[in-house]
Amino acid sequence: MVFQLGCMGTPTLTSNDSIPQVLKAIVANQTNHALWLNTLSLLEHIGSRKILLTQSNEETSEMILRHATEEARHALFFKKAARTIQPEFRSGYQNSSLVRGTAARIYFAKLDTLVRKNLRSVFPEEKTFTYLAYLYTTTVIEKRAMVIYNAYDEILDKSDSPIRLTNLILEEEGHLSEMSAEMFRLDPNANERLAHLEAEEAKIFARFWRQIGEFSLN
Ligand SMILES: [Fe+2]
Ligand SMILES: [Fe+2]
């Protein structure tokens, strides 16, 4: 476990360090585990819907269609996985069927606003702006998702769970490399911008993850 020095010189856990322990606590409780899987389903669904809503135009490419389709499939995968854990689980996306549903939605919306604000003044042309907003928002979220999915998959493996994320992780890796190629093609400051946005996302994520951590103790 990695400790970082806090401002007072005392060691503090970063939200990344708490990921495995929070996930272990969730997985240990069947009801909470099903709600967690449904929350991942919601986040994948929001991603898929957002791609289709914002990237449907004359230039819609095979890459866009593949990403939207795969995110929709991931949403279904997690929804079905919730039923594998808890056969009676048959819910939509009501807050009562999610782990801190409002916090999950706020995390996504805040990130979207952050990216749009950053890009708006630099890319005034609407098409490029919208496309880059998709590339950056998705890349930052997927980089976070990879940290969580890898930690989660390790826990599933150790607990001999029937659920594994192997294929899903491979597909997300594919998305990341395709989007990164596009970002660097269109934005001369892609490296710096991505680093800045990731640092800002870490703050938004810390708030979100704190709430998931509180839930896991229930
Ligand atoms: Fe996905
Ligand atoms: Fe993806």
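The site of the iron ion (ligand 2) is tetrahedral, with angles of 95 to 134° among its four donor atoms; four donors count as tetrahedral if all angles lie between 85 and 135 degrees. Ideal angles for four tetrahedral donors are 109.5 degrees. This is a predicted model, in which local features need pLDDT of at least 70 and side-chain atom pairs count only at pLDDT 80 or more, while totals for chains, interfaces and linings use all residues. Residues are numbered from 1 along each chain as its sequence is written, chains are lettered from A and ligands numbered from 1 in the order in which they are written, and side-chain values use heavy atoms, leaving out hydrogens and water.

The iron ion (ligand 2) is coordinated by Glu 71 (OE), Glu 142 (OE), Glu 172 (OE) and His 175 (ND1), at 1.8 to 2.1 Å. Donors are N, O and S atoms within 2.8 Å of the metal (3.2 Å for Na, K and Ca), and sites may look incomplete because water is not among the atoms. The iron ion (ligand 1) lies 3.7 Å from the iron ion (ligand 2), and Glu 71 coordinates both. Glu 142 in helix 5 (residues 126-158) and Glu 172 in helix 6 (residues 166-186) are 30 residues apart, so the pair links distant parts of the chain; helices are DSSP runs (H or I, at least four residues), numbered from the N terminus.

Glu 142 counts as buried because its relative accessibility is 5%, and Glu 172 because its value is 2%. Buried means under 20% relative accessible area, computed with a 1.4 Å probe on protein chains only.

Glu 71 and His 74 both lie in helix 3, three residues apart, about one turn of the helix. An α-helix has 3.6 residues a turn, so residues three or four places apart point the same way. Both Glu 71 and His 74 are buried.

The largest nonpolar core has 66 residues, and Tyr 149 is one of those with the most contacts inside it. Such a core is a set of buried Ala, Val, Leu, Ile, Met, Phe, Trp, Tyr and Cys residues joined through side-chain atoms within 4.5 Å. Helix 5 gives the most to this core, with 17 residues. Tyr 149 touches residues including Glu 44 and Glu 172, not counting those up to four places away in sequence; contact means heavy atoms within 4.5 Å.

Key
Tetrahedral: all angles 85-135°; square planar, octahedral: opposite > 155°, others 65-115°. Helix = DSSP H or I, 4+ residues; strand = E, 2+ residues; numbered from the N terminus. Buried < 20%, exposed > 50% of the residue type's maximum accessible area, 1.4 Å probe, protein only.
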